[in-house]
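Good morning, and thank you for joining.

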Amino acid sequence: MPLALPASMLLPLLIAPLASAASVGLAYLFCYGGFEGPVDWAMNTASHGDRDRRVVALTFDDGPDGARTPALLDALGELGVPGTFFVVGKQAEAHPELCARMVREGHELGNHTHTHRYLPLASKQSVARELAAADAAIAAATGIVPKLVRPPWGGRSPSNVRAFDRADKKTVLWDVNSYDWKDLPPLEVARRVVDRSRNGSIILMHDGGRDHTGTIAAVKILVPELRARGYELVTVSDALT
Ligand SMILES: [Zn+2]
């Protein structure tokens with residue numbers, strides 16, 4: 001005899017997966033980070049540059065850091081590579097001289113909010129304040145108001161992206177995650193980046209938030225490797241044009 005459940009028992013069984021699928025879908029739409037999704041297609045955010053150009057952009061988040069950013073800038077200078085630094089406003093206030101050095105040495109700066117806040121859960125006013133305070137700190141240090149923004153952890157809601165647009169900023173994510181924050185051996189970080197890079201790739205790395213000595217070692221390995229494969233290393237704004 002076939003198993004037959006009464007309707008009163010079937011309904012919750014049907015609703016439970018639908019409800020969990022719906023909540024996963026909502027979380028995806030409103031709180032996701034780190035990969036391209038419908039919000040990006042609809043709102044013109046960038047996780048990579050022109051796929052027809054043999055260029056890649058190295059990006060460094062969460063600095064400037066008083067101990068590690070100078071060594072990274074030294075390494076980039078020796079390699080002749082312009083980087084793009086998504087700086088945290090509070091860090092820029094603490095180390096304005098490092099922001100000034102970045103600009104002097106040909107790097108690009110982007111806004112990574114003032115306090116590294118997760119924006120999808122913040123009010124509109126808080127998002128605007130985060131952007132404005134970081135802009136002010138970066139402008140005070142460099143005289144330049146950044147045209148790029150990267151939301152912390154890549155978390156962006158449609159409302160966040162509209163706020164970035166209103167602040168006249170291009171929202172920049174990434175298509176290659178180095179996972180340098182996982183304390184992997186530099187060779188592994190470098191191999192991961194080189195293997196995953198494509199024309200126009202934007203590569204996520206870090207110079208702040210924690211010890212990123214390994215990131216600097218990885219950069220010294222991956223830059224010659226990328227060049228050997230024919231890539232030119234450029235800033236994000238250059239990769240996007
Ligand atoms: Zn960050």
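This is a predicted model: local features need pLDDT of at least 70, side-chain atom pairs count only at pLDDT 80 or more; totals for chains, interfaces and linings use all residues.

On the helix 5 side, Pro96, Cys99, Ala100 and Val103 meet Ile138, Ala140, Ala141 and Thr142 of helix 6. By class, the residues of this contact comprise seven nonpolar and one polar, with no charged residue. How are the two helices arranged? In general, a packed pair is described by the angle between the axes and the distance between them. Helix 5, residues 96–104, and helix 6, residues 124–142, pack at an angle of about 70°, and their axes are 8 Å apart. Since angles of 65 to 115 degrees count as roughly perpendicular, helix 5 is roughly perpendicular to helix 6. The crossing of helix 5 past helix 6 is right-handed.

The second pair is helix 3, residues 69–79, with helix 9, residues 213–228. At what angle do helix 3 and helix 9 pack? The angle is about 10°, and the axes lie 10 Å apart. Helix 3 and helix 9 are therefore roughly parallel to each other. Their crossing, too, is right-handed. Ala71, Leu72, Ala75 and Leu79 are the residues that helix 3 brings to the contact, and they meet Ile216, Val219, Lys220 and Val223 of helix 9. Here the division is seven nonpolar, no polar and one charged.

Helix 8 covers residues 186–196, and within it Val189, Ala190, Val193 and Val194 are buried. Where do these four sit around the axis of helix 8? They cover an arc of only 125°, and so they lie on the same side of the helix. The buried residues of helix 8 pack against helix 9, and also against strand 6, at 176–177, and strand 7, at 202–206.

Let me now move to some backbone details in the loops. Glycine 63 and proline 64 are joined by a cis peptide bond, with omega about -5°.

Aspartate 168 is placed in the loop between helix 7, residues 158–166, and strand 5, residues 170–171. Is aspartate 168 buried or exposed? It has 9 C-beta neighbours inside 10 Å, and therefore counts as exposed. Tyrosine 179 is found in the loop between strand 6 and helix 8. With 14 other C-beta atoms within 10 Å, tyrosine 179 is partly exposed.

Finally, the protein as a whole. It contains 10 helices and eight strands. The C-alpha trace spans about 75 × 40 × 35 Å along its principal axes. Of the 241 residues, 41% are buried. Among contacts between residues at least 6 apart in sequence, 79% join residues at least 24 apart.

Conventions. Residues are numbered from 1 along each chain as its sequence is written. Axes are lines fitted to C-alpha atoms, for helices over the stretch in contact, and angles run from 0 to 180 degrees between N-to-C directions. Helices (H or I, at least four residues) and strands (E, at least two) are DSSP runs, numbered from the N terminus. Angles under 35 degrees count as roughly parallel, over 145 as roughly antiparallel, 65 to 115 as roughly perpendicular and the rest as oblique. A crossing is left-handed if the near helix is turned anticlockwise from the far one by less than a right angle, and right-handed if clockwise. Two residues are in contact if their C-beta atoms, placed from the backbone, lie within 7 Å. Ala, Val, Leu, Ile, Met, Phe, Trp, Tyr, Cys and Pro count as nonpolar, Asp, Glu, Lys and Arg as charged, and the others, Gly among them, as polar. A residue is buried if 20 or more other C-beta atoms lie within 10 Å of its own, exposed if 12 or fewer, and partly exposed in between; C-beta atoms are placed from the backbone. The arc is that of the directions from the helix axis to the C-beta atoms.
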